Amino acid sequence: MKRKELIMNVILILACFIVCTAGAPQEKAESTTPIPTLSPPEGNTSFIDGVTWCVARPGVPQEDLQNALDWACGQGAADCSPLQPGGHCYEPNTLLLHASYAFNIFYQQNGNSDIACNFGGAGTITNRDPSFGPCKFLASETSAASALVLRSTRMICAAFLTMLQLRVFQAVY
């Protein structure tokens, strides 16, 4: 009987380990090389009043907006696939909208710091949700909530694994 219980406990530990690590983010090979950033040392200074987004500043010359959009979707590594024809943020097909979406993705991925919404003066931080219809802009609060849920899940998994390990230890001795 002890042997069956031991085998079942080991299987439970393995299953729990697999479930707990399945949600862990996978690092890209290129992300293991540190890349210097221009983020201010004080970190996020724009989240003081709650949820924030980064959008393109109206009145910026079209050429500057296009250059900033190209950078955000290229070197900035923002996921601009929703801006492609047929994507849920393609229509209306305006430079201001496309730049706003790309700027916000970059801003959210880079800690919501003021510098991550600069784009040479083409970006500005707002507390008004720029989402519309099927085009949902990621919000700073959403990013923080997702990170909190992931941390909580990992803590619960770690506690459960510890409990199972103690049970196996008791079964063996």
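What percentage of the 173 residues of the chain count as buried? After that, please look closely at how α2 and α3 come together: how do their axes cross, and which residues make the contact?

Reply: Of the 173 residues, 31% count as buried, where buried means under 20% relative accessible area, exposed over 50% and partly exposed in between, with a 1.4 Å probe and protein chains only. The model is a predicted one, in which local features need pLDDT of at least 70 and side-chain atom pairs count only at pLDDT 80 or more, while totals for chains, interfaces and linings use all residues. Residues are numbered from 1 along each chain as its sequence is written, and side-chain values use heavy atoms, without hydrogens and water.

The chain has four helices and two strands, taken from DSSP runs (H or I, at least four residues, for helices; E, at least two, for strands) and numbered from the N terminus. Read from that end, the order of the elements is α-β-α-α-β-α.

Now to the helices. Two packed helices are described by the angle between their axes and the distance between the axes. Helix α2 covers residues 62-73 and helix α3 covers residues 95-109. Their axes come within 9 Å and cross at roughly 40°. Axes here are lines fitted to C-alpha atoms, for helices over the stretch in contact, with angles from 0 to 180 degrees between N-to-C directions. α2 and α3 are therefore oblique to each other; under 35 degrees would be roughly parallel, over 145 roughly antiparallel and 65 to 115 roughly perpendicular, with the rest called oblique.

The contact (heavy atoms within 4.5 Å) draws on residues of both helices. From α2 come Gln62, Leu65, Gln66, Ala68, Leu69, Trp71, Ala72 and Cys73. From α3 come Leu95, Leu96, His98, Ala99, Ala102, Phe103 and Phe106.

Asp64 also belongs to helix α2. With a relative accessible area of 40%, Asp64 is partly exposed. Its C-alpha atom is 8.1 Å from that of Gly120, although Asp64 and Gly120 are 56 residues apart in sequence. In the chain as a whole, residues 24 or more positions apart account for 77% of the contacts with a separation of 6 or more.

The loop between α2 and α3 has two backbone features to point out. Most residues other than glycine have a negative phi, and most peptide bonds are trans. Ala77, in this loop, is not a glycine but has a positive phi of about 65°. Ala77 counts as exposed, at 53% relative accessibility. Pro92 is in that loop too, and a cis peptide bond with omega of about -5° joins Glu91 to Pro92.

Asn112 has a positive phi, near 55°, and is not a glycine. Asn112 is buried, with a relative accessible area of 9%, while Asp114 counts as partly exposed at 37%.

Thr124 lies in β2 and stands opposite Val55. Strand β1 (residues 53-56) and strand β2 (residues 123-126) pair in the antiparallel sense over four bridges; DSSP must find at least two bridges for strands to pair. Both faces of β1 are covered: Trp53 and Val55 are buried on one side, and Cys54 and Ala56 are buried on the other.
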